[in-house]
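Subject: Structure handover

Hello,

Here is the structure I promised to pass on to you. Please open it alongside this note, and then read on for what turned up in it.

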Amino acid sequence: MSEPTTPAGPMARTGGALRRMTARSREEEHRASTPLELFFDLCFVVAVAQAGVRLVHAVAERHPGHGVTGYLLVFFAIWWAWVNFSWFASAYDTDDVPYRITTLVQIVGVLMLAAGVPRAFDDGDFRLTVCGYAVMRLALVTQWLRAAWAESGDARQTALRYAFGVTLCQVGWMALLLPHGAPPVRAFVLLAVAEMSVPALAERAAPTTWHPHHIAERYGLFTIIVLGESVSSATIAVQSAVDEHDALGELLPIAVGGLLIVFAAWWIYFAVPIHDHLASNRQAFLWGYGHYAVFGSAAAIGAGLEIAVEQAVGSAEISTRAAAGWVTVPTAVFLFTVWVLHARHYKRGVAQQLNLPVSAVVVLACTFTGSHAVLWAGLVCAATVALGVTLQTRGAGQTPVAPSSSPTP
């Protein structure tokens, strides 16, 4: 029996269990994420959740500096492996048997990374984490080598540069982490910069044919998944606190404020069709790299809500203001970063341009409003969306700078 096909997927354009890995067209119509990509994203959320949980534990045990550093390091590994897979798939997804198996191997790597997160946070032992990261990255190297074998000329040179650059970085990680387990922060930053330099250096020969609509959708879907993880984490924290402490009155403002923040974050992120802005490698790479802050802050909102819940019921020995800051700071980072990356390119007039940056500052100010700080932050975020919709409606008669498919804050 033949495998069912879908009009949007690569199975529709070719057939068979083994295909030549040639580049897909950037002008391909109806390009959408495949079921394999969605499965890949869901498995990555396991690692995101582990990083958030360990951050909560570190803060509750009064080790915030250690928690933040560990969170940023681990989240970089998660984010960068996801980024590289997504951009490669956008250009070379054949969806044949070898491609699927290699992607499943990458999923094994992310699960190894997730399993090593507790050791990395608690003991500074990154060895299991870096082994999982290496599995993901070296599996991607085989994909690039396969692409190089099928391509010719500058496209082949680009694929080989990717394979060589990624492999060289993995040698660096192994040399840094395996002997000692804990990485010096400066060395980690140096290797992270080297990792992020590979695409820019590799694509000097010829740019890969990533698809703007597909890339925008991939990032949007991962944003949804990360925000959903924040909702899940906060819900479980509230449920556990109510069961153990019967403190619904103290937790209700946190729950309402947290939901308003997450709902507003979703609305704000998807208010503009960003694919029109991704017109070149320079624009797309800056936008894609900036999502480290978007994804990291979105996931940290969920961890912050857990911290606020634990503080409200007396399980975390931190002040009310500090607990509120763990929610308001990542929320402000999310608002400001989304404005910097793409919202500002679609704004008309001073009022629309200032809406998100000013709201980020006001959210930070909510940190000092006492036990209802999370609720106030949520109300500010809701007001930000309402103001954005109002401003867009009033300016609807003006000539737009760029198309917008939904109300925008």
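**Charged pairs**

Arg24 and Glu28 are both buried, where buried stands for under 20% relative accessible area, exposed for over 50%, and partly exposed for the range in between (1.4 Å probe, protein chains only). Their side chains meet in a salt bridge, at 2.4 Å from N to O. A salt bridge here is a side-chain nitrogen of Lys or Arg within 4 Å of a carboxyl oxygen of Asp or Glu, and by this rule the count comes to 7.

Before going further, a word on the source: this is a predicted model, local features need pLDDT of at least 70, side-chain atom pairs count only at pLDDT 80 or more, and totals for chains, interfaces and linings use all residues. Residues are numbered from 1 along each chain as its sequence is written, and side-chain values use heavy atoms, with hydrogens and water left out.

Back to the salt bridges. Arg137 pairs with Glu195, their closest N and O atoms being 2.8 Å apart. This pair links distant parts of the chain, with Arg137 in helix 4 (residues 127–150) and Glu195 in helix 6 (residues 185–202), 58 residues apart. Helices are DSSP runs of H or I with at least four residues, numbered from the N terminus. Both Arg137 and Glu195 are buried.

Glu317 and Arg62 also form a salt bridge, with 3.7 Å between the closest N and O atoms. They too are distant in the chain, 255 residues apart: Glu317 is in the loop between helix 9 (281–312) and helix 10, and Arg62 in the loop between helix 1 (35–60) and helix 2. Glu317 counts as exposed because its relative accessible area is 57%, and Arg62 counts as exposed because its value is 55%. Finally, Glu37, Asp41 and Arg218 are linked in a network of salt bridges.

The largest nonpolar core has 120 residues, and Phe44, Val74, Leu113, Trp173 and Tyr219 touch the most other members. Helix 2 (residues 64–92) gives the most to this core, with 18 residues. Such a core is a set of buried Ala, Val, Leu, Ile, Met, Phe, Trp, Tyr and Cys residues joined through side-chain atoms within 4.5 Å.

Leaving aside neighbours within four places in sequence, Tyr219 is in contact (heavy atoms within 4.5 Å) with residues including Trp82, Trp87, Tyr269, Trp287 and Phe295. Tyr269 and Trp287 also touch His342, as do Val272 and Ile274, not counting residues up to four places away in sequence.

His342 itself is in the loop between helix 10 (320–341) and helix 11. Is His342 buried or exposed? His342 counts as buried because its relative accessibility is 1%. The side chains of His342 and Trp287 are joined by a polar contact of 3.1 Å.

Val231 is in helix 7 (residues 212–245), and is partly exposed because its relative accessible area is 27%. With neighbours within four places in sequence left aside, Val231 is in contact with Leu259 and Val262. Val231 and Leu305 are 74 residues apart in sequence and 9.0 Å apart in space, C-alpha to C-alpha.

Leu354 is in helix 11 (residues 350–365). Leu354 is partly exposed because its relative accessible area is 44%.

Definitions and conventions: Helices (H or I, at least four residues) and strands (E, at least two) are DSSP runs, numbered from the N terminus. A polar contact is a pair of N or O atoms within 3.5 Å; within protein, one must be able to donate a hydrogen and the other to accept it, and residues adjacent in sequence count only if both atoms are side-chain atoms.
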